[in-house]
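I opened my notebook to keep a record of what I looked up in this structure, entry by entry.

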Amino acid sequence: AASTEVSWTPRRLELNGSLEATPEASEHCPPASEFQWKSGTLTSAFAIRWNGSAFDYDLTAQLNRANGSWGNEPWSAQAEAHILPDRLDVQGAEVNWGTETWNVTGTLRDPWSGGPLIGNFRASTPRLTLANNAQAESAPWWEALNLPPGSQLTAEVDLDEIAYDGVHLANNHVNLSLLPQRLEFEAAMEAWQGNCSAVGNAQWNAEGARLDVEYVAEQLSVHHVFKEFDDFGQTTLRSEHLSGVLDSDGTAVLAWNADGTWAWDRIRWAGNQTLNDGRLVGVESLMSIPDYLSEHRMAAPLINPIDLRAKLVEIGLQPVSTPAYFMENTFHIPQLSLSSESLNVSIEGSQTVSGLIDYSLGLELRELRGKTSDDIGMIQDDGLGNHLFINIIGSVDEPEFRWDRESQRAHRRKDFQAERDRLKALWHKSPD
């Protein structure tokens, strides 16, 4: 249905009217793969003017009860827009697709010129579910974000919940700026019973894409972090073993090849972690150490296996901070010291993406006896406790233990130098 009023003067022609249509044919649908339009109503009110040298128009359009399917998922939409020669104002749009619901408003400037796209938008959704696709998509993800030269689209997005492969992020607020071959963002969210924020940018070209991120995470539950990330694909240290509050900050670089697959050799991460109120409970790899040491006579004269195992069943940790980093497909811990009332443990080493491990584990037990030796060498009492250094190699699921002689010698050299420095300071100290 349509109606039109015409007003004419020698130098001016003006048309005012309204139009209501029910598009059903496929040619009315956007050129999107697997997109199907079933029904809907388009209503508009318009004014078209000719001033003797150029046309001018003002159009208000409403899309009502539009629906169909896209990619085997149903969709529906309601929208209202104001269309001018140099601007498109989306005054309100609600789009439902599958289980997702989006509300959008915004302005796109000069959208009909074929030149740069300049605009800003606001969007919100109660829930966004991201699929974990193990296989590469038919096209890399960044190809859908390419813009004409000189373009800039900004958006402020609120997402009540983001779900991805078991990970849940709440009260997400994201600011986006999309430029040609570049996406910049700032984000804040609640996750793992704490708060996270990040700032970064993604860039891409014909050779692939790269994402740089700086992040801060505060008051996270380490138990929930391990649980939602499925223990990071390993079984040695699991969520049921862990409790405590984690703070972390650092930088990360993610990279993709030209076909959209991960470029693992270019992925890097470096961060600082602080754990408060930490506790380790029932870590099987730790509790297997006493039996292994005894069976192989690595410290049989020194250790009561039952006593050591009792200390390792549950370890309440003092606050601990450590750096860590990931590069060249390998996760590295430079040095980590875990302290409790009766046991100190030092850890340093690495673990590959495929699960190969090479760790040095140092145990300090204050209740062991003094100097002694056995078939593997001297066990040293440094005045604070006895140190045992064990090398753990193999894989995370089948670790192998052996005596770490190099770490033992390095520790002795360190203690010897510290004692020399202490005696030197006492020698030169002025008498009272």
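I began with the surface: the chain exposes about 25,200 Å², and carbon and sulfur atoms supply 53% of that area. Such accessible areas come from the Shrake-Rupley method with a 1.4 Å probe, and for residues only the protein chains shown count as cover.

I noted that this is a predicted model, in which local features need pLDDT of at least 70 and side-chain atom pairs count only at pLDDT 80 or more, while totals for chains, interfaces and linings use all residues. Residues are numbered from 1 along each chain as its sequence is written, and side-chain values use heavy atoms, with hydrogens and water left out.

Next I looked up the make-up of the chain, which has five helices and 25 strands (DSSP runs numbered from the N terminus, helices being H or I with at least four residues and strands E with at least two). Of its 432 residues, 37% are buried, where buried means under 20% relative accessible area, exposed over 50%, and partly exposed in between (1.4 Å probe, protein chains only).

For helix H4 I asked: which residues are buried? I found Leu308, Lys311 and Leu312, and they lie on the same side of H4 because they cover an arc of only 95 degrees around the axis, the arc being that of the directions from the helix axis to the C-beta atoms. On the other side of H4, Ile306 and Ala310 are exposed. Aspartate 307 also belongs to H4 (residues 305-313), and it counts as partly exposed because its relative accessibility is 33%.

My last entry concerns asparagine 391, which sits in strand E24 (residues 386-395) and counts as buried because its relative accessible area is 8%. Its side chain makes a polar contact of 3.1 Å with the side chain of aspartate 358, and the side chain of asparagine 391 also reaches the backbone oxygen of tyrosine 359 at 2.7 Å. A polar contact is a pair of N or O atoms within 3.5 Å; within protein, one must be able to donate a hydrogen and the other to accept it, and residues adjacent in sequence count only if both atoms are side-chain atoms.
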